[in-house]
2 protein chains.
Amino acid sequence: MKQNQARPPLRERNRQRVHQRILNAAFELFRTTGYDQTTMDTIAALAEVSRGTLFNYFPTKSMLLIPFLKELYFQRVRPEVLPYLETQPTTLQALRFLFISIYEHIFKFPDMDHAIQALQQEMFHPHPDDADINEGTGFLDNVQAILEYGQRRGEVRTDIALEKLTRYVGVLYVSLIGNMIDMGATNKYTNEVDILLAFIGSAFR
Amino acid sequence: MKQNQARPPLRERNRQRVHQRILNAAFELFRTTGYDQTTMDTIAALAEVSRGTLFNYFPTKSMLLIPFLKELYFQRVRPEVLPYLETQPTTLQALRFLFISIYEHIFKFPDMDHAIQALQQEMFHPHPDDADINEGTGFLDNVQAILEYGQRRGEVRTDIALEKLTRYVGVLYVSLIGNMIDMGATNKYTNEVDILLAFIGSAFR
C-alpha cells in the first residue's frame, strides 16, 4: 500500500499513458493537417484508441485545443523570452516582444479564437486543482521574469510587489486578447498592444 | 402582425411580469431575511408562483443573486458617484470612493462571494445578447464618468481613448475582486485597492 505514495497505481499510470498518446496524436495532426481538417476519427486512429475511449477522455475536439495552445506557447514562445532579455532591451520592449511572439506563434494558427476564449476563462478562475493559464505554459512566469528584469534596471516601480505587478499586467493582456476576439479585431493586435503598453509603461515609473 | 414590433406578444409580456414578480420577492426576502435563510419555497410563496414555475425561471437560488447584486449597485452605489464628483476630488480619490462604496454596499452583504465570481465571469465575456456587468448596474459608466472628469482636470492622459482606459481600469478592478475572493482575502480590500490605485494612478499621467 505504501508503494502507492511513491508511484501511482497501474490503472492511473495506464490512464496517463493513454491521455498522453491522444495528445501526441492530436498535436501532430493539428500541426500537419490543420485543426479544422483533423477529425476525432483520425485522432483515435493515430493514437490507437477506440473512438469510445477518445470521447471518454476528450468529449470534444476543442478540448484538445487548449492543451495544444499551451504546447505551442511552451515549445515556441517560452524559450524565446530569456535569450531576448540578454540583448538588454527596455522592459517595454521585452513585454512587446513577448506579446508579439504569442501572436506570431499562437494567434496565427488557424481557428484559435474559440480556444483562446476558453484559456481566457481559465486565467480568471485559477483553482489549485484545475490547470490555469500559467500551468503548462509559463506565461505568467515569463511576465514576472520581464518585470523583475525591469525592476533591476530601475524601470519598474519596486513599491508594488512583483507578484501583484505580474497579475496586473497579465490580466490586462489577457483581457485585451479576449476583447479583440469578441470584437473580431485581432487584425489590430499590434496597435492594441502598443496602446496597452503605453498605459502599462507609465504605470511602471 | 405589425403590432408585435411595437409591443411584445401577450405571452412574452406575461413572462416578463412573472420574471419581475419573482425578482421583487427574492430581493425583498434577501434584504429582510438574508440570502442564506431565504428558501426557494418562500420566494415562490411571496411571488405567488408555483415551485415548478420558479425553478423554470431560476433553476438555482444563486441565479437570483446576480440580479440582486446588480440591484444593490444600481440603487445604492451608482447614485453616489456623480454627487461625489461635485465635491471636486482628484481622479484617484473618486475611483477610491467608487471602489469603497462597492465594498460597503455589496461586499458586506452576507454570502456574496459566489455571486461576485459569477459577475466576474460575465465581465470578461460580454456578449451583446447576454447581460454584462455594466448592464443593469452602470459600473463601467461610472468608471468612465470618473475618467472623463479626470481628463477634464488634466489628471488622466488623453492620448488613450476613454473607452480603452475605462476597460483597463474596469478589468483591473474586477480581477482584483476575483483574486481576493479566490484567496479568501476580502478583509484586505482597502489595502489591495490602494495598491491598485497606485499602479493605475501613475499610468494616468
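A salt bridge is a side-chain nitrogen of Lys or Arg within 4 Å of a carboxyl oxygen of Asp or Glu. The structure above is a predicted model, in which local features need pLDDT of at least 70 and side-chain atom pairs count only at pLDDT 80 or more, while totals for chains, interfaces and linings use all residues. Residues are numbered from 1 along each chain as its sequence is written, chains are lettered from A in the order in which they are written, and side-chain values use heavy atoms, with hydrogens and water left out.

**Salt bridges**

Over all chains, the structure holds 14 salt bridges.

| Pair | Closest N to O distance |
|---|---|
| A:Glu12 and A:Arg15 | 3.5 Å |
| B:Glu192 and A:Lys164 | 2.8 Å |

A:Glu12 and A:Arg15 sit three residues apart in helix α2 (residues 10–32), so about one helical turn separates them. Helices here are DSSP runs of H or I with at least four residues, numbered from the N terminus. A:Glu12 is partly exposed at 28% relative accessibility, and A:Arg15 is partly exposed at 38%. On this scale, buried means under 20% relative accessible area, exposed over 50%, and partly exposed in between, using a 1.4 Å probe and protein chains only.

The salt bridge between B:Glu192 and A:Lys164 crosses between chains, from helix α10 (residues 189–204) of chain B to helix α9 (residues 162–183) of chain A. Both B:Glu192 and A:Lys164 are buried.

**A helix pair in chain B**

Helix α6(B) also packs with helix α5 (residues 65–85) of chain B, at an angle of about 150 degrees and with the axes 10 Å apart. Axes are lines fitted to C-alpha atoms over the stretch in contact, and angles run from 0 to 180 degrees between N-to-C directions. That makes α5(B) roughly antiparallel to α6(B), a term for angles over 145 degrees.

The contact (heavy atoms within 4.5 Å) is made by residues including B:Leu69, B:Tyr73 and B:Val77 of α5(B) and B:Phe97, B:Leu98 and B:Ile102 of α6(B).

Technical notes: Helix = DSSP H or I, 4+ residues; strand = E, 2+ residues; numbered from the N terminus. Parallel < 35°, antiparallel > 145°, perpendicular 65-115°, else oblique.
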